[in-house]
Amino acid sequence: MLRSAGCRLVAPLRGSFSPSVGQTAPARGSAALAQATAVLEGELESIRSAGTWKSERVITSKQGPRIRVEGSRGEMLNFCANNYLGLSSHPEVISAGVAALQQYGAGLSSVRFICGTQDLHKSLERKLAQFHEREDAILYASCFDANAGIFEVLLTPDDAVLSDELNHASIIDGIRLCKAHKYRYRHLDLNDLEDKLKAAQKHRLRLIATDGVFSMDGDVAPLRGVCDLAERYGALVFIDECHATGFLGPRGRGTDELLGVMDRVHIVNSTLGKALGGAAGGYTVGPRSLVELLRQRSRPYLFSNTLPPAVVGCASKALDLLTASSQIAQSMADKTRRFRVAMTEAGFAISGSDHPICPVMLGDARLASLMADDLLKKGIYVIGFSYPVVPKGKARIRVQISAAHSDDDIDSCVAAFVEVGRRHGVVS
């Protein structure tokens, strides 16, 4: 038996294996690990064979309209970030983040209800509630967490949720966590939604859940019709505004403002990680009683570390900039029209309506991947999207326009698409 400075080192039991330096103990359950590895490798090979393998390109610069990519020479034109308003690298946003980091530290090392709430968190929640013209707001680590946390708190087995079939994965996963009765209606189909609402009349609460803007297609939910049906059949309306907050509507409040139904949509979930600074974080805005209940029972809120102060500082400054002027959002709308018109005239099929998400529809997954690689060689950073991110047979290259792009950037992107599209026989 060896003793040393307050601790006791016990010699190994007789007959046990104690590896010397440079030796590795045999893995326990190695046969099970080998079997699992073979299964995983088979799955990976099937992804490669289908042409749907998703490589992660490494960016070596800050986010912006021009970026540097590992392995490529010079700068690339970036047409694939959710940096709608160009605020992720805006000097005032960065300065606000640095100031918050210096004043409040790197992080809270805690969840909100223990010792993780600072005054800047409460200030941002008040700003978000005012921005969306709702009673209260609650911050989350991401909008995925906000969507994971709301449905099981709000809905019980006595209730029903009616969800658009193309809702974001986070909405689908959040709905799976709740015990409410689940109805799925056809994408943007108000007639099918009405049929589902009729069938759901026997339940206590009915909640219609839809993306405001659908991120893969760039199409906008028919919120006026949704709200009409909700009022006719006594339902609540929930929208996910991740791809609308900050730039849709006259003041950038989102899809509900764009379509004139801000006072008819009851709950809004959105993100700080896209137009509002591009860092991280999500939130729910809505009735004060709902937000208070989320603080008491929402698991992603109760069991996740608080948003870092620098993230909160950046988002708060982004909100200030948006509230002060709509000029940035208008610039992005002009550039979106420029791209969509030029690409359509060139012969490409562009999905969605006047939204900066501009999916160039190609159908074939391998084609989308090859064209994206060829565009990268031309200095255009885009990504091919294929199953399971989008349905099979609906592969595309999703181009995203930012207010930070210049008109010359837009024209260069279109020219590259035309050249690569001709090479692959997509356009003539």
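This is a predicted model: local features need pLDDT of at least 70, side-chain atom pairs count only at pLDDT 80 or more; totals for chains, interfaces and linings use all residues.
Biologist: Which residues are buried in helix H7?

Modeller: Buried means under 20% relative accessible area, exposed over 50% and partly exposed in between (1.4 Å probe, protein chains only). The cover over the buried residues of H7 includes strands S6 (160–164), S7 (181–185) and S8 (206–211) and helix H8 (223–233). The buried residues of helix H7 (residues 190–199) are Asp 192, Leu 193, Glu 194 and Leu 197.

Biologist: How many nonpolar residues does the contact of H5 with H6 hold?

Modeller: The axes of H5 (residues 143–154) and H6 (residues 169–177), which are lines fitted to C-alpha atoms over the stretch in contact, with angles from 0 to 180 degrees between N-to-C directions, come within 7 Å and cross at roughly 30°. The two helices are therefore roughly parallel, as angles under 35 degrees count as roughly parallel, over 145 as roughly antiparallel, 65 to 115 as roughly perpendicular and the rest as oblique. The contact (heavy atoms within 4.5 Å) includes Phe 144 and Phe 151 of H5, and Ile 171 and Ile 175 of H6. Ala, Val, Leu, Ile, Met, Phe, Trp, Tyr, Cys and Pro count as nonpolar, Asp, Glu, Lys and Arg as charged, and the others, Gly among them, as polar; the division is 3 polar, 2 charged and, for the nonpolar residues, 7.

Biologist: How many charged residues are there in the contact of H13 with H15?

Modeller: The axes of H13 (residues 327–346) and H15 (residues 407–423) come within 10 Å and cross at roughly 20°, which makes the helices roughly parallel. Among the residues that meet are Lys 335 and Arg 338 in H13, and Asp 407 and Asp 411 in H15. The contact of H13 with H15 has 9 nonpolar residues, no polar ones and, as to charged residues, 4.

Biologist: At what distance does the side chain of Arg 340 reach the backbone oxygen of Ile 357?

Modeller: Arg 340 is found in helix H13 and is buried, with a relative accessible area of 8%. Arg 340 and Ile 357 are 17 residues apart in sequence and 9.9 Å apart in space, C-alpha to C-alpha. The side chain of Arg 340 reaches the backbone oxygen of Gly 352 at 3.4 Å, and that of Ile 357 at 2.8 Å.

Biologist: Which residue is joined to Ser 316 by a side-chain polar contact?

Modeller: Ser 316 lies in helix H12 (residues 309–324) and counts as buried at 13% relative accessibility. A polar contact is a pair of N or O atoms within 3.5 Å; within protein, one must be able to donate a hydrogen and the other to accept it, and residues adjacent in sequence count only if both atoms are side-chain atoms. At 2.6 Å, the side chain of Ser 316 is joined to that of Lys 127.

Note on methods. Residues are numbered from 1 along each chain as its sequence is written. Side-chain values use heavy atoms; hydrogens and water are left out. Helices (H or I, at least four residues) and strands (E, at least two) are DSSP runs, numbered from the N terminus.
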